[in-house]
Amino acid sequence: MCLAEDKFREECGVCGVFGHPEAANLVYLGLYALQHRGQESAGICSSDEKQLHLEKSLGLVADIFNEKRLKRLPGYAAIGHNRYSTAGGNNPKNAQPILANYSMGQLAIAHNGNLVNAFELRKRLEDQGAIFQSTSDSEVFIHLIAHSKEPELRDRIIEALREVSGSYSLILQTEKKIYAVRDPFGVRPLCLGRVEGAYVVASETCALDLIGATYDRDIEPGEMVEISANGIETMQALSAPRKAFCIFEFIYFARPDSRIFGGITVNMVRKKQGRRLAIENPVDADLVIPVPDSGVPAALGYSEQSGIPFEFGLIRNHYIGRTFIEPKQSIRHFGVKIKLNPVRELLEGKRVIVVDDSIVRGTTSKKIVKMLREQGGAAEVHMKISSPPTTGPCYYGIDTPTRQELIASSHSVEEIKRYTTANSLSYLSQEGLFTTVPNPEDFCSACFDGSYPISFPGQKMQLELLF
Ligand code: AMP
């Protein structure tokens, strides 16, 4: 997370390998599989047991790393990180892993999540003389660990964990070990597997799949795993009154082929969301189409449940990089057109149900409805959203805009329908959403109902503004 204007924006992916001669190459592949979790920067840190080696840059994994660069990452252990792009947060200094030298040697860290008390901790540490290299909240971990008086690193880490509040799926690396830690609420996913005798830690199982690793289990909420030449050692570092798995991972963020939060396949949950949406909100129509890619599984579920045929009525261009520059003047303002194009032959004269996973500001939905009618020739457009209205920002690591920009925070479903110009608009109910996951009480749904499970400084004021 950035501590300035992007205070609440951060999405990332992490991966670590211990005990493999090609550790950095495996982490590279793991990050490649986790690219959806962050496209701003990527980095890998490896250890040759004497020293850590770091390579990181702005950009996509496949663009940053080549054979030459990977060769500069020797050793049997490596950790890696993908960082999400945030408005104004495009700062190379915030790329991870963060590497530091301190009294016990070298320490690198890769963090997915968002610390809600980072600002206060940073101020305190700066008052004590700490000099920060970045504006990232993750650097706080390094300083807390370096400042600790505990003789053992694992105790220093636990001491640091006791100070921070928020979400973290964390991989730390020293010359001889890696540590994987998940916050006591388990907000972000983190899983553990093995390949050819080596241990692998990753945000999602899609990274394990690509490198041919088994998926053994999740790192449990509050658990710290220490991996060294002696094998694996686990300890319950912290406990929490409840779990708070992020439900939005199942709605939008995680890859559908991943198994997260106890091995549940994301695709299956999304299909169930679509089925439930069809039960709650039936409408007469000729066609169900998804907003690709995130709306695909829910649209399939909707189609299966309703018996209305599924079609790819919108085609997505997958090759839009961050570097795309809109030409000036007359052909400007492509908007959503640059990403999506309707298939007129399928849509013309049809009553179309279009399924998307969420509405944030409402601008995408509005443009899609217009495009389906004007370019696609659809007779009716019924917008179906496979999650409840997003009314509150996420403080725990999903990139949501401020409350003022979230259309559902200040507008009713009817008003949003009018804004998008759809013939009808319906969302999945929160009750319906929670029928799609086991143990719904273990999930955080703050973005839908404002019940924030991890308290943070200034929360009362924020929530008063919010509801
Ligand atoms: P908006 O135009 O702001 O309403 O954006 C809605 C679209 O953003 C939907 O198609 C979602 O799939 C997508 N979306 C939802 N959450 C996020 C997120 N955290 N980051 C990027 N895109 C998102």
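Biologist: Where does asparagine 117 lie?

Modeller: In this predicted model, asparagine 117 sits in the loop that joins strand 6 (105-115) to helix 4 (118-127).

Biologist: Let us turn to charged pairs. How many salt bridges does a search of the whole structure find?

Modeller: The general idea is a side-chain nitrogen of Lys or Arg within 4 Å of a carboxyl oxygen of Asp or Glu. A search of the whole structure finds 25 salt bridges. Among them, glutamate 249 pairs with arginine 37, with 2.9 Å between the closest N and O atoms. This pair connects distant parts of the chain, 212 residues apart: glutamate 249 belongs to helix 8, and arginine 37 to the loop between helix 1 (23-33) and strand 2 (41-47).

Biologist: Why do glutamate 249 and arginine 37 count as buried?

Modeller: Glutamate 249 counts as buried because its relative accessible area is 0%. Arginine 37 is also classed as buried because its relative accessibility is 0%.

Biologist: Which residues are linked with Arg37 and Glu249 in a network of salt bridges?

Modeller: The network links Arg37 and Glu249 with Arg188 and Glu204.

Biologist: What is the N to O distance in the salt bridge of glutamate 55 and arginine 69?

Modeller: The side chains of glutamate 55 and arginine 69 come together at 2.6 Å, N to O. Glutamate 55 is part of strand 3 (residues 52-58) and arginine 69 part of helix 3 (residues 67-71), so described as distant parts of the chain, 14 residues apart. Both glutamate 55 and arginine 69 are buried.

Biologist: The ligand comes next. How many residues surround the ligand, and which are the closest?

Modeller: The ligand is surrounded by 16 residues, of which Asp356, Asp357, Arg361, Gly362 and Thr364 are the closest. Helix 8 (247-253) and helix 12 (363-374) each contribute at least two residues to the shell.

Biologist: What polar atoms of the protein lie by the ligand at tyrosine 84, arginine 361 and threonine 363?

Modeller: For tyrosine 84, a polar side-chain atom is 3.5 Å from a ligand nitrogen atom. For arginine 361, a backbone N or O atom is 2.7 Å from a ligand oxygen atom. For threonine 363, a side-chain N or O atom is 3.0 Å from an oxygen atom of the ligand. The ligand taken alone exposes 510 Å², of which the protein buries 86%.

Biologist: Which residues make the nonpolar surface patch of about 270 Å²?

Modeller: Leu29, Tyr32 and Leu210 make this patch. Leucine 210 is located in helix 7 (residues 205-210). Leucine 210 counts as partly exposed because its relative accessibility is 44%.

Terms used:
Residues numbered from 1 in each chain as written. Predicted model: local features only at pLDDT ≥ 70, side-chain atom pairs only at ≥ 80, totals over all residues. Heavy atoms only, no water. Patch = residues over 30% accessible without salt bridge, like charges linked within 9 Å, V, L, I, M, F, W, Y side chains within 5 Å. Areas by Shrake-Rupley, 256 points an atom, 1.4 Å probe, with all protein chains shown as cover. Helix = DSSP H or I, 4+ residues; strand = E, 2+ residues; numbered from the N terminus. Buried < 20%, exposed > 50% of the residue type's maximum accessible area, 1.4 Å probe, protein only. Near = heavy atom within 4 Å. Polar contact = N/O pair within 3.5 Å; in protein donor to acceptor, adjacent residues only side chain to side chain.
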